[in-house]
Every structure is written in C-alpha cells, then in structure tokens.
Amino acid sequence: MATEGLPVLLACRVLEVSESGYYARRSRAPSPRSIRHAWLTDVIRQVHAVSRGIYGIRRVHAELTLGRSITVGHQAVELLMRRAQIQGISGRPKFRRVVGVATAEDRSRASFTPTKPMNSGSLT
C-alpha cells in the first residue's frame with residue numbers, strides 16, 4: 001500500500017503493523033527461503049522452456065527431483081509455478097477424423113444387414 005502512493009502511517013494503520021516494523025522489514029536482507037524460491041523459479045522456468053511449454057506441475061517436479069536431484073516438494077513446485085504464472089498443456093491430443101476414410105465404426109454399421117427375419121417364438 002505504501003508503494004502505491006499512500007502515506008506509510010495510513011498503510012500501517014490499515015494493516016495493523018507498526019511503522020518501525022515496516023521500515024525494519026524494508027531494510028532487512030532477503031530470507032533464505034525467498035532466495036531459494038527465486039532460484040527454484042528460475043530452474044522451473046528453464047525446465048518448462050526446455051519442454052517447449054508442455055510440462056505441468058507433475059512433470060516439472062519429476063524433472064527437478066529425478067533428473068536434476070533437487071530436493072523440493074510437490075506443493076512448493078505448484079506454488080512457485082502459480083506465482084510465476086507457468087502452466088503446462090492439459091489434456092490429451094484430439095484426434096480428428098479424416099474425411100473420406102472409413103473408420104471401424106462405419107464398417108461395422110455397413111456390414112450389419114440381416115439376411116432373414118428372426119423367429120420370435122422358437123429358440124432353435
């Protein structure tokens with residue numbers, strides 16, 4: 001809020017934090033977790049780019065843990081991909097029917113023509 005042009009005092013009142021805490025947080029070095037998340041996001045972007053944008057969370061996680069031996073949880077990969085707005089392609093490829101080529105369904109319909117009527121009264 002303070003970065004959007006609002007006075008710091010007003011932003012601190014709305015968020016119920018102290019002004020000294022706000023300024024202390026601004027001058028503090030980044031935490032080890034935020035540094036690791038930034039590094040992992042870069043690695044995830046590389047894996048996603050190498051896969052031509054196809055890999056989703058499961059495959060990116062598998063590539064990180066099995067392919068690159070990076071210890072990371074599935075939920076962390078999901079969180080970082082969502083924050084970086086990285087998505088894989090979902091679903092299976094759609095197969096289109098080629099016009100003029102008979103399919104198995106067409107052939108089964110064409111060959112089913114009864115030769116004589118069935119008797120409804122006897123089983124033999």
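Helix α1, spanning residues 8–15, packs against helix α2, residues 19–27, at an angle of about 105°, and the two axes sit 9 Å apart. This is a predicted model, so everything here describes computed coordinates. An angle between 65 and 115 degrees counts as roughly perpendicular, and α1 and α2 are therefore roughly perpendicular to each other. On the α1 side, the contact is made by V8, L9 and C12, and on the α2 side by E19, Y22 and Y23. Sorted by class, the contact of α1 with α2 comes out as five nonpolar residues, no polar ones and one charged.

As for solvent, Y23 has a relative accessible area of 41%. That value falls between the 20% and 50% cut-offs, so Y23 is classed as partly exposed.

Zooming out, the secondary structure of the chain amounts to six helices and zero strands, and the pattern along the sequence reads α-α-α-α-α-α. The chain has 124 residues, of which 19% count as buried. Among contacts with a sequence separation of 6 or more, 47% come from residues 24 or more positions apart.

Another helix pair is α3 with α5. Here α3 covers residues 32–50, α5 covers residues 74–83, and the two pack at an angle of about 80° with axes 10 Å apart. That angle makes α3 roughly perpendicular to α5. From α3, the residues H37, L40, T41 and I44 meet V77, L79, L80, M81 and R83 of α5. The class tally for the contact of α3 with α5 is six nonpolar, two polar and one charged.

T41 sits in helix α3 and R83 in helix α5. They are 42 residues apart in sequence, yet their C-alpha atoms are 9.0 Å apart in space. Their accessibilities fall in separate classes: T41 counts as buried at 13% relative accessibility, whereas R83 counts as exposed at 58%. Leaving out residues up to four places away in sequence, T41 touches L80 and A84. L80 is also one of the α5 residues in the helix–helix contact.

Further along α3 comes H48, which also lies in that helix. H48 has a relative accessible area of 13% and is therefore buried, the cut-off being under 20%. With residues up to four places away in sequence set aside, H48 touches G53, Y55, I86, Q87 and G88.

Terms used
Residues are numbered from 1 along each chain as its sequence is written. This is a predicted model: local features need pLDDT of at least 70, side-chain atom pairs count only at pLDDT 80 or more; totals for chains, interfaces and linings use all residues. Side-chain values use heavy atoms; hydrogens and water are left out. Buried means under 20% relative accessible area, exposed over 50%, partly exposed in between (1.4 Å probe, protein chains only). Axes are lines fitted to C-alpha atoms, for helices over the stretch in contact, and angles run from 0 to 180 degrees between N-to-C directions. Helices (H or I, at least four residues) and strands (E, at least two) are DSSP runs, numbered from the N terminus. Angles under 35 degrees count as roughly parallel, over 145 as roughly antiparallel, 65 to 115 as roughly perpendicular and the rest as oblique. Contact means heavy atoms within 4.5 Å. Ala, Val, Leu, Ile, Met, Phe, Trp, Tyr, Cys and Pro count as nonpolar, Asp, Glu, Lys and Arg as charged, and the others, Gly among them, as polar.
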